[in-house]
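This report describes one protein chain for a reader who is new to structural analysis. Please keep the sequence and the model in view while reading.

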Amino acid sequence: MDNTAAWAALLRVHAALTPVLDQELQAAHGLPLTWYDVLLELNAAPARRLTMSALGAAAVVSRSRVSRVVDELVRAGLVERVANPDDKRSAFAKLTAAGRARLKAAAPTYLAGIERHFTGQMTRAEAQTVATVLAKVLRAHDASTVIPLGPSR
């Protein structure tokens with residue numbers, strides 16, 4: 001196996017399964033996978049809210065698209081924008097009670113889809129190995145990513 005086989009397989013699996021999970025969530029709950037991902041991140045956040053930049057970093061949705069997804073969620077009543085008292089230039093995306101209820105209702109469909117299409121295709125040990133290796137790659141990426149904090153002084 002060459003050095004790019006694992007990468008190519010990861011890309012193909014992601015490309016194949018993401019639309020399937022999206023279709024299942026939309027059919028059962030009228031909830032796109034991108035919405036589910038943002039709701040999931042907000043639900044896990046302290047006070048169920050994140051700044052747009054933090055949400056963009058946490059969610060699988062691209063940073064450039066997160067604002068548009070939040071706008072859609074606001075229109076649907078699942079998220080609200082709340083002023084950030086510490087930074088007047090930014091706002092929080094905050095999960096509403098309706099958003100939390102919708103996330104809770106959709107979770108069994110999402111988890112069953114992951115089991116059926118992904119983890120159910122491997123042994124428990126294989127799934128643990130995949131999780132461990134991908135977490136290792138993410139840690140290395142996070143450690144090497146430098147976020148500029150502004151001009152040097």
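How many residues in the lining of the largest pocket are nonpolar, how many polar and how many charged? The lining has 29 nonpolar, seven polar and four charged residues. Here Ala, Val, Leu, Ile, Met, Phe, Trp, Tyr, Cys and Pro count as nonpolar, Asp, Glu, Lys and Arg as charged, and the others, Gly among them, as polar.

## Basis of the report

The model is predicted: local features need pLDDT of at least 70, side-chain atom pairs count only at pLDDT 80 or more, and totals for chains, interfaces and linings use all residues. Residues are numbered from 1 along each chain as its sequence is written, and side-chain values use heavy atoms, with hydrogens and water left out.

## The chain as a whole

The chain contains six helices and three strands, arranged along the sequence in the pattern α-α-β-α-α-β-β-α-α. Helices (H or I, at least four residues) and strands (E, at least two) are DSSP runs, numbered from the N terminus. Taken along the principal axes, the C-alpha atoms fill a box of roughly 50 × 50 × 20 Å.

Of the 153 residues, 25% count as buried. Buried means under 20% relative accessible area, exposed means over 50%, and partly exposed lies in between (1.4 Å probe, protein chains only). Among contacts (heavy atoms within 4.5 Å) between residues at least 6 apart in sequence, 52% join residues at least 24 apart.

## The sheet

Three strands form an open sheet in the order β1-β3-β2, with antiparallel pairing. The edge strands, β1 (49–51) and β2 (79–83), each pair on one side only. Neighbouring strands of this sheet are turned by 30° against each other on average, direction ignored. Such angles run from 0 to 180 degrees between N-to-C directions, and the axes are lines fitted to C-alpha atoms, for helices over the stretch in contact.

Two strands pair if DSSP finds at least two bridges between them. Three bridges link β1 and β3, and R49 has K94 of β3 as its bridge partner. Helix α2 (residues 33–44) lies across β1, β2 and β3, and runs at about 95° to β3.

A47 and R48 are both placed in the loop between α2 and β1. Phi of A47 is near 60° and phi of R48 is near 55°, each a positive value in a residue other than glycine. A47 counts as exposed because its relative accessibility is 52%, whereas R48, at 30%, counts as partly exposed.

## The largest pocket

A pocket is found on a 1 Å grid over the protein atoms alone: it is an open set of points where a 1.4 Å probe fits, with protein on both sides within 12 Å along at least five of seven lines, and lining residues have an atom within 4 Å of a point. The largest pocket holds about 1,800 Å³ of space. This volume is the space filled by probe spheres set on the points, with grid points joined across faces, edges and corners.

The lining consists of 40 residues, of which L10, H14, V60, L134 and L138 lie nearest the centre of the pocket. Helix α1 gives the most to this lining, with eleven residues. L10 belongs to helix α1 and counts as partly exposed because its relative accessibility is 38%. L10 and L134 are 124 residues apart in sequence and 10.0 Å apart in space, C-alpha to C-alpha.
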